[in-house]
Amino acid sequence: MTSSPIQRAGIVGIPPLSVMELITTPDYEIFDLDEPQGRVDLETASPFLPRVYCGILRTVIANSLAIQPDIIYIDTGAGKCDCAVHTATVLEDMLPATRIIRTRNNDSVDFGTPLCKTQMSLMEKMSAVTASVQKTAPYPELPTCAPTAGFWGVPPRDFSILNFFPDTTHIYGWARCMENKTPDNMDLELHYNPDIPTVFFAQSFCAKTALARHLASKHPRGLYLDCDVTAGNSAKAKIQAFLELSGIDA
Amino acid sequence: MLLADFGTSYCKLLDTQSTTTVPRLIATRSIDRSMKVDIATGHNGKRYTTHYVNELTALARGGLSLTREQSFTLLDCGSRDIKYVVYGDGKIKDMGWNAECGASMGFTIELLEKYYTLDFSKMDVPKSSFSVTCGVLGMSHIFDAVVTGASEAEAVAKFVKGIAINAYNFAKQPEKIYLSGGLCDNPLFVNSFPCPVVSLGRFVLLEGLLNSLHLPSFSDLQP
């Protein structure tokens, strides 16, 4: 009796819960292609996507080339972005041996957002949020802390910008939608706390830059920030100064 | 105490125990690299001190101290970068720092002044300007204009005005700008803004360092 080999499954964005339930089994090894996977050279994506393009999707292409998954589930619905639609087309031509499955995540059952509201270093918290995509069981309860600062947006390509925030930072925006497993929940994405200084972040060249900047202008103490692949000194200094001048110690 | 703003082209130093309260201005290339100061800011500052203050923080604190206003936009135009802070009702509202795209403006203006031996105090603000996004990219406009018959002074003036407008747009087109940095001494640049400008001079970040230490403003320091 022979067992079938483990399938290498890549995910882009947040596939529907039904898909995640299907692949979170011993038959699959899951790779979150949105996240840097080891020492993958981002430049390998350049023949397939413009250099001036979302750093997350360039990462998807570079990871896919390096890992060569057997199957890729890429969400191309409103819960991801238009750029993912085109990236799916590129993937299909780039990796003919890989099955590219386009999904549209319309899940609307709230899983809750305990991580986004708990006291924990922001880097650790954001890592846990992104890891939660691969979990299908209900979340354990976590104590909610009183927020002193806010981070609105998507998980950044460069997590080092999260180091400047205090442990009592609450996460808002699409990252909160991620944890809630409702990536297409616009009401949740638009939510922010006007009483705490908040950094509104988006990846450079992402359509969400418009929303981030718009919400930052509405927020009484909001700072808009965009970064490409890695955060430069000026981006880091902006966060540091904004929090410091808002009276917040990280 | 020795306070310093280590800029790209110039370093500004203030000794609070000195008999003069006028900060010293030293070309960065002439600075003793083994120097140590009590507190520093500026993009070269970390190597010279153990107490480093973020440039935007120093700018904001200096602005609060010098403008004595609760709501203002303060724009710093340096050799390498431009940055701004916006306060509203005494609270930080917005800030920006353009160090990559849009950079090297001050440095380029100084190079042009020396290369073409211009006197910016005697040049009129032109009616039109070049569309300038950064010092390096904007240079080609000058060369093109000169080739097609414009005088060097006229071409450089349009370049300088383009830089001022770019900085104004970067600061989100405020009604009034408080200006900081070495370009405060350039009347062509200051007068090229499409809004009223109040020049605070090139020592605003030093003022911010004094403020960080809860020391009086250097204009109030007594020898």
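## Contact between chains A and B

In this predicted model, 13 residues of chain A are in contact with 12 residues of chain B. Helix H8 of chain A, residues 233-245, supplies the largest share of chain A's side, with 9 residues.

What is the class make-up of the side of chain A that touches chain B? It divides into 5 nonpolar, 5 polar and 3 charged residues.

## Two domains in chain A

Chain A is divided into domain 1, residues 7-103, and domain 2, residues 115-245. The C-alpha centres of these two domains of chain A lie 23 Å apart.

The domains of chain A also touch. Here 22 residues of domain 1 are in contact with 15 residues of domain 2. Which elements of domain 1 each supply at least two residues of the side that touches domain 2? They are helix H1 (17-23), strand E2 (28-32) and helix H2 of chain A. By class, this side of domain 1 has 11 nonpolar, 6 polar and 5 charged residues.

## Packing of H2 and H3 in chain A

Helix H2 of chain A spans residues 55-67, and helix H3 of chain A spans residues 82-94. They pack at an angle of about 20°, with their axes 10 Å apart. Angles under 35 degrees count as roughly parallel. H2(A) and H3(A) are therefore roughly parallel to each other. Their crossing is right-handed.

Which residues make the contact? From H2(A) come A:Leu57, A:Val60, A:Ile61 and A:Ser64. H3(A) contributes A:Cys83, A:Ala84, A:Thr87, A:Val90 and A:Leu91. The contact of H2(A) with H3(A) has 7 nonpolar and 2 polar residues, and no charged ones.

Chain B has an open sheet of 4 strands. The strand order is E3-E2-E1-E4, and the pairing is mixed. Which strands form the edges? They are strand E3 (24-27) and strand E4 (39-41) of chain B, and each pairs on one side only. Neighbouring strands of the sheet are turned by 20° against each other on average, direction ignored.

Strands of a sheet pair through backbone hydrogen bonds, either parallel or antiparallel. Strand E2 of chain B, residues 10-15, pairs with E3(B) in the antiparallel sense. This pairing runs over 4 bridges.

Notes. Residues are numbered from 1 along each chain as its sequence is written. Chains are lettered from A and ligands numbered from 1 in the order in which they are written. This is a predicted model: local features need pLDDT of at least 70, side-chain atom pairs count only at pLDDT 80 or more; totals for chains, interfaces and linings use all residues. Axes are lines fitted to C-alpha atoms, for helices over the stretch in contact, and angles run from 0 to 180 degrees between N-to-C directions. Angles under 35 degrees count as roughly parallel, over 145 as roughly antiparallel, 65 to 115 as roughly perpendicular and the rest as oblique. A crossing is left-handed if the near helix is turned anticlockwise from the far one by less than a right angle, and right-handed if clockwise. Two residues are in contact if their C-beta atoms, placed from the backbone, lie within 7 Å. Ala, Val, Leu, Ile, Met, Phe, Trp, Tyr, Cys and Pro count as nonpolar, Asp, Glu, Lys and Arg as charged, and the others, Gly among them, as polar. Two strands pair if DSSP finds at least two bridges between them. Domain bounds come from an automatic or database domain assignment.
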